[in-house]
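Welcome! Keep the model open beside you as you go.

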Amino acid sequence: MTNKALTEWFRNLSFNQLTSFGSEFENLVSLQILDLQSNSLEGIVPDSLSGLEDLHLLNLENNKLEGTLPQSLNRESLEVRTSGNLCLSFSTMTCNDASSNPSIETPQVTIFTERKPTNNHLAIILGSVSGAVFALLIVSLSVFLYTKKRRSEITYATREPVIDMRNWNAARIFSYKEIKAATNKFKEVVGRGSFGSVYVGKLSDGKLVAVKVRFDKTQLGADSFINEVHLL
């Protein structure tokens with residue numbers, strides 16, 4: 001197909017800033033497709049286009065056309081595209097009539113208003129908050145009791161052992177200086193136990209004694225030492 005034959009049945013004049021319909025269209029009797037979209041065409045569509053009997057597509061989109069299309073273009077074999085214009089259709093009703101006619105359906109608009117929380121929602125929120133506060137109190141109490149218990153255990157383990165001196169009034173109490181002198185500075189070891197060592201000593205009056213020195217500083221060691229003293 002030659003370019004001449006192509007232009008006889010197809011004419012693309014879109015995006016050409018056309019402002020009016022020319023008379024040359026009347027001579028294009030073999031024209032099948034006429035594309036006039038996205039121009040600046042104004043006014044009404046001329047009835048002269050009805051002479052294009054072989055026309056199958058007339059694209060008038062995105063112009064400034066208005067009014068009623070010629071009824072001669074209203075045929076099954078012709079597709080007319082008119083979107084993007086001021087008011088253009090085959091109906092005899094004008095744009096003003098369309099806005100005032102109650103039979104024309106208007107777009108339905110749905111307005112969403114802010115819903116206030118219901119009592120059920122409020123109860124759920126309060127219940128959730130109360131549950132969270134109660135759980136927090138339980139956790140805090142558990143941590144407090146555990147910390148208090150640990151502090152008590154640490155205090156008991158690190159405190160100085162208490163030696164019960166009751167009922168020792170009948171026994172003679174020696175000073176550390178006397179014990180050190182009697183054992184010659186803890187020189188001779190004659191025995192060892194779980195909580196201390198036993199040294200041989202000699203008092204100032206010549207009496208031989210056994211001196212046990214406790215090296216375990218726990219309360220258990222102190223209790224064991226006191227029991228041995230009571231047995232003696």
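**Exercise 1. The whole chain**

Of the 232 residues of the chain, what percentage count as buried?

*Solution.* A word on the ground rules comes before the answer. This is a predicted model, in which local features need pLDDT of at least 70 and side-chain atom pairs count only at pLDDT 80 or more, while totals for chains, interfaces and linings use all residues. Residues are numbered from 1 along each chain as its sequence is written, and side-chain values use heavy atoms, with hydrogens and water left out.

- Step 1: Buried means under 20% relative accessible area, exposed over 50%, and partly exposed in between (1.4 Å probe, protein chains only).
- Step 2: By that rule, 20% of the 232 residues are buried.
- Step 3: The chain exposes about 17,800 Å², and carbon and sulfur atoms supply 56% of that area (Shrake-Rupley method with a 1.4 Å probe; for residues, only the protein chains shown count as cover).
- Step 4: The secondary structure comes to five helices and ten strands. These are DSSP runs numbered from the N terminus: helices are H or I with at least four residues, strands are E with at least two.

**Exercise 2. The antiparallel sheet**

Find the open sheet with antiparallel pairing: what is the order of its three strands?

*Solution.* 

- Step 1: Two strands pair if DSSP finds at least two bridges between them.
- Step 2: The order is S8-S9-S10. Strand S8 (189-192) and S10 are the edge strands, each pairing on one side only.
- Step 3: From one strand to the next, the twist averages 25° (axes are lines fitted to C-alpha atoms, for helices over the stretch in contact, and angles run from 0 to 180 degrees between N-to-C directions).
- Step 4: Now look at the bridges. S8 and S9 run antiparallel and are joined by three of them, while seven join strand S9 (residues 196-202) to S10.

**Exercise 3. An annotated lysine**

Where does Lys-212 lie, and is Lys-212 buried or partly exposed?

*Solution.* 

- Step 1: Lys-212 lies in strand S10 (residues 208-214).
- Step 2: Lys-212 counts as partly exposed because its relative accessibility is 26%.
- Step 3: An unreviewed UniProt entry places the feature "binding site" at Lys-212. UniProt positions are given in the numbering used here, feature names are shortened, and annotations may be inferred rather than shown by experiment.

**Exercise 4. The parallel sheet and a loop serine**

*Solution.* 

- Step 1: The open sheet of three strands with parallel pairing has the order S3-S5-S7. Its edge strands are S3 and strand S7 (87-89).
- Step 2: Three bridges pair strand S5 (residues 64-68) with S7, and Gly-67 has Leu-88 of S7 as its bridge partner.
- Step 3: Ser-50 sits in the loop between strand S3 (42-43) and strand S4 (57-59).
- Step 4: Leaving aside those sequence neighbours, Ser-50 is in contact (heavy atoms within 4.5 Å) with Ser-72, Leu-73 and Arg-75. The C-alpha atoms of Ser-50 and Leu-73 are 5.7 Å apart, though 23 residues separate them along the chain.
- Step 5: The side chain of Ser-50 also reaches the backbone oxygen of Asp-47, at 2.6 Å.

**Exercise 5. Asparagine and glutamine**

Is Asn-59 buried or exposed, and is Gln-17 buried or exposed?

*Solution.* 

- Step 1: Asn-59, in strand S4, is buried because its relative accessible area is 4%.
- Step 2: A polar contact of 3.4 Å joins the side chains of Asn-59 and Asp-35. Such a contact is a pair of N or O atoms within 3.5 Å; within protein, one must be able to donate a hydrogen and the other to accept it, and residues adjacent in sequence count only if both atoms are side-chain atoms.
- Step 3: Gln-17 lies in the loop between strand S1 (10-12) and strand S2 (33-35), and counts as exposed because its relative accessibility is 68%.

Technical notes:
Lists of a residue's contacts leave out its neighbours within four places in sequence.
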